[in-house]
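Visitor: I would like to learn how to read a protein model step by step. Could you take me through some of its features, giving the general idea before the particular case?

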Amino acid sequence: MTTTATTATTATRATAAATTPGLVPVLWLALLATPVAAAANAPVLILPDMAASLGVRTETAAWLVAAFAWAMAVSVPLLAGLLRRRGLTPVLRLSGALLLGGTLLVAASPWLPAAVLGRAAQAAGGAGLVAAAMSLAGSARRMGVISAGFGMLGAAGPLLGAQLSHTVSWRLSLSVSLLSLLALPAVSRHAATTTLPATPPTAASTAPQNRFDARGAALLTVLATALVLLPHAPAAALGSAAVAAALLVLHVRRRPDGFVPAALVRSPLFLGSALLALALSTSYFTLLFAVPRLLADRAGWDVTAAGAGQLVALLTGSALSWLLAAASARMGRTAVRTVLVTIGTLAALLAVFASWGPLLLVATLGGVFGATGANAVLSMQAASSAPDPQRPTAIGLFTLCYQLGGAFGPAIATALVLGGA
């Protein structure tokens, strides 16, 4: 009864906020941003089928997942910067075009390289729509509706992808992010009359040293790309990452207030939050792709049973992580991190040693609890480590670290569990 009352109250408040003059209705924002979560997780149960269709090995087909994660990671901070400088309309148009063009390429191409390019374009478009939706939310209550949508569609993504693949085609399962385009006209109309908070231009803000740091953005993109390639080509990627990191460090010293602010790089709170989120995200995405195969090999579950069980585990873990986030202020920073590390470690150990199906699902539950809890709580801790003008940058760089886990995890799962498929 308490849960029902709370849900009704939340829905009433969200509806009231959505109908406030000058604000984009929050359900349109949720529709704009959240389908990308389902598209990201759609390949979880069908990666071997995708590989067979394209005539490649499973570990090769995993590039479709890595490309999506890479593009999401690097595009969120880049398109957020474009949003701040050029406004909503250019970002909405560019993001919609990338999403549509990428989806058409994935749907039509019989070749893996073109499909990988299409998946990257899909992710970049989705990242822009996410950045736009977040900028239009306007309140923590409305942002909560968007975050809840991410959790729900992300959890449903594997089973939805499997059902669409078995009923029609795996290509359709990778096209679910097109649902975002249904919200684009409505959001564009509202955005045309919505003014985002902005800092008036001054002589200091237009000085050469305060203009967009293109070199810093490029070096960060190269570094992120090399890190994404690390599981696939360790030697080359490690060398490239080392060079890019060294150049970025030198650039940050020359441009301490650039695309990667020196204050964040030197902040133990930011670095600790971002690295812990990266570790928990990597563990979660590894479990997300590995547990369905482990359920088949160790417990004899079929794809439908594995998908349904994983859906329940993901939804439960997401709900429990929300409770952690709600209690985090009372618990304190150390206690929250202890809970996240403990649950994340236990989830990994269960995946390694458990052979009973329900215990493997508990591993998935623990993985999503750790990752989503880290995303909710540690992102705020990371932002608190930065001065107010740099907080959006801190969130963007934190999100990049979290999204890198989406590239590492599937590659690790493929190497350890799925490689024989």
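Visitor: Which side chains meet in a salt bridge here?

Guide: A salt bridge is counted when a side-chain nitrogen of Lys or Arg lies within 4 Å of a carboxyl oxygen of Asp or Glu. In this predicted model, the side chains of aspartate 213 and arginine 255 meet in this way, with 3.6 Å from N to O, and the structure holds one salt bridge. The pair links distant parts of the chain, 42 residues apart, since aspartate 213 sits in the loop between helix H11 and helix H12, while arginine 255 sits in the loop between helix H13 and helix H14.

Visitor: Is aspartate 213 buried or exposed, and what about arginine 255?

Guide: Buried means under 20% relative accessible area. Aspartate 213 has 5%, so it is buried, and arginine 255, with 16%, is therefore buried as well.

Visitor: How do helix H15 and helix H16 cross?

Guide: Two packed helices are described by the angle between their axes and the distance between the axes. Here the axes of H15 (residues 268–299) and H16 (residues 303–331) come within 10 Å and cross at roughly 145°, and the crossing is right-handed.

Visitor: Which residues of H15 and H16 meet?

Guide: From H15 come Tyr284, Leu287, Leu288, Val291, Pro292 and Leu295, which meet Ala306, Gln310 and Leu314 in H16. Sorted by class, this contact has eight nonpolar residues, one polar residue and no charged residues.

Conventions:
Residues numbered from 1 in each chain as written. Predicted model: local features only at pLDDT ≥ 70, side-chain atom pairs only at ≥ 80, totals over all residues. Heavy atoms only, no water. Axes fitted to C-alpha atoms, helices over the stretch in contact; angles between N-to-C directions. Helix = DSSP H or I, 4+ residues; strand = E, 2+ residues; numbered from the N terminus. Left-handed = near helix turned anticlockwise from the far one by under 90°. Contact = heavy atoms within 4.5 Å. Nonpolar A, V, L, I, M, F, W, Y, C, P; charged D, E, K, R; others polar. Buried < 20%, exposed > 50% of the residue type's maximum accessible area, 1.4 Å probe, protein only.
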